[in-house]
Amino acid sequence: MRRLSRLRPDQVGADIRPLFENFLQERGSIPNMFRTAAHRPEILGTMLAHFKAVMGPGAVPVVLKEMLAVRVSRINSCDY
């Protein structure tokens with residue numbers, strides 16, 4: 001049972017809406033963890049910074065990082 005709702009773009013404040021729109025443009029969807037963290041904008045900001053540092057361009061291709069994230073979630077029987 002979920003305790004916190006996953007906010008939609010129309011449910012967030014003006015400070016969060018551009019972040020959500022950016023996700024929609026770049027990825028086609030807003031990951032549920034960010035939709036949940038949007039209840040606390042200060043936490044969402046640090047999560048996004050960490051996400052960009054880990055999942056952004058680097059020595060490991062972004063596509064491989066995404067595939068690994070999906071695989072690890074399947075191994076742990078959880079939603080990505």
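One definition before the rest: a residue counts as exposed when its relative accessible area is over 50%, as buried when it is under 20%, and as partly exposed in between. With a relative accessible area of 56%, Asp-10 is therefore exposed. Its salt-bridge partner is Arg-8, with the closest N and O atoms 3.1 Å apart. Arg-8 comes out at 42% relative accessibility, so it counts as partly exposed.

Keep in mind that this is a predicted model.

Now the overall layout. The chain has four helices and zero strands, so the order from the N terminus is simply α-α-α-α. Along the principal axes, the C-alpha atoms fill a box of roughly 35 × 30 × 20 Å. There are 80 residues, and buried ones make up 22% of them. The chain exposes about 6,000 Å², and 59% of that comes from carbon and sulfur atoms. If you take contacts between residues at least 6 apart in sequence, 38% of them join residues at least 24 apart.

Next, the aromatics. The count is three aromatic pairs. One of them is Phe-23 with Phe-51, a tilted pair with 6.0 Å centre to centre and 55° between the planes. Phe-23 sits in helix α1, residues 17–27, and Phe-51 in helix α3, residues 41–55, which puts the two 28 residues apart. Both of these phenylalanines, Phe-23 and Phe-51, are buried. Ring pairs also bring in Phe-34, giving a cluster of Phe-23, Phe-34 and Phe-51.

On to charges. The chain carries 12 positive and 7 negative charges, and their mean positions are 8 Å apart. The whole structure has three salt bridges, including the Arg-8 and Asp-10 one I started with. Another joins Glu-66 and Arg-27 at 2.9 Å, N to O. Glu-66 is in helix α4 and Arg-27 in helix α1, so this bridge ties together parts 39 residues apart in sequence. Arg-27 is partly exposed, at 31% relative accessibility. Then there is Glu-42 with Arg-40, at 2.6 Å. Glu-42 has a relative accessible area of 47% and Arg-40 one of 45%, so both are partly exposed.

Last item: which residue is buried yet has no salt bridge? That is Lys-65, in helix α4, residues 62–75. The nearest side chain of opposite charge is Glu-66, 9.2 Å away. Leaving aside residues up to four places away in sequence, Lys-65 touches Val-54, Met-55, Gly-56, Pro-57, Gly-58 and Val-60.

That is what I had. Comments are welcome.

Key:
Residues numbered from 1 in each chain as written. Predicted model: local features only at pLDDT ≥ 70, side-chain atom pairs only at ≥ 80, totals over all residues. Heavy atoms only, no water. Buried < 20%, exposed > 50% of the residue type's maximum accessible area, 1.4 Å probe, protein only. Contact = heavy atoms within 4.5 Å. Areas by Shrake-Rupley, 256 points an atom, 1.4 Å probe, with all protein chains shown as cover. Lys, Arg positive; Asp, Glu negative; His and termini not counted. Charge placed at Lys NZ, Arg CZ, Asp CG, Glu CD. Phe/Tyr/Trp six-rings, centres within 6.5 Å; stacked < 30°, edge-to-face > 60°. Salt bridge = Lys/Arg side-chain N within 4 Å of Asp/Glu carboxyl O.
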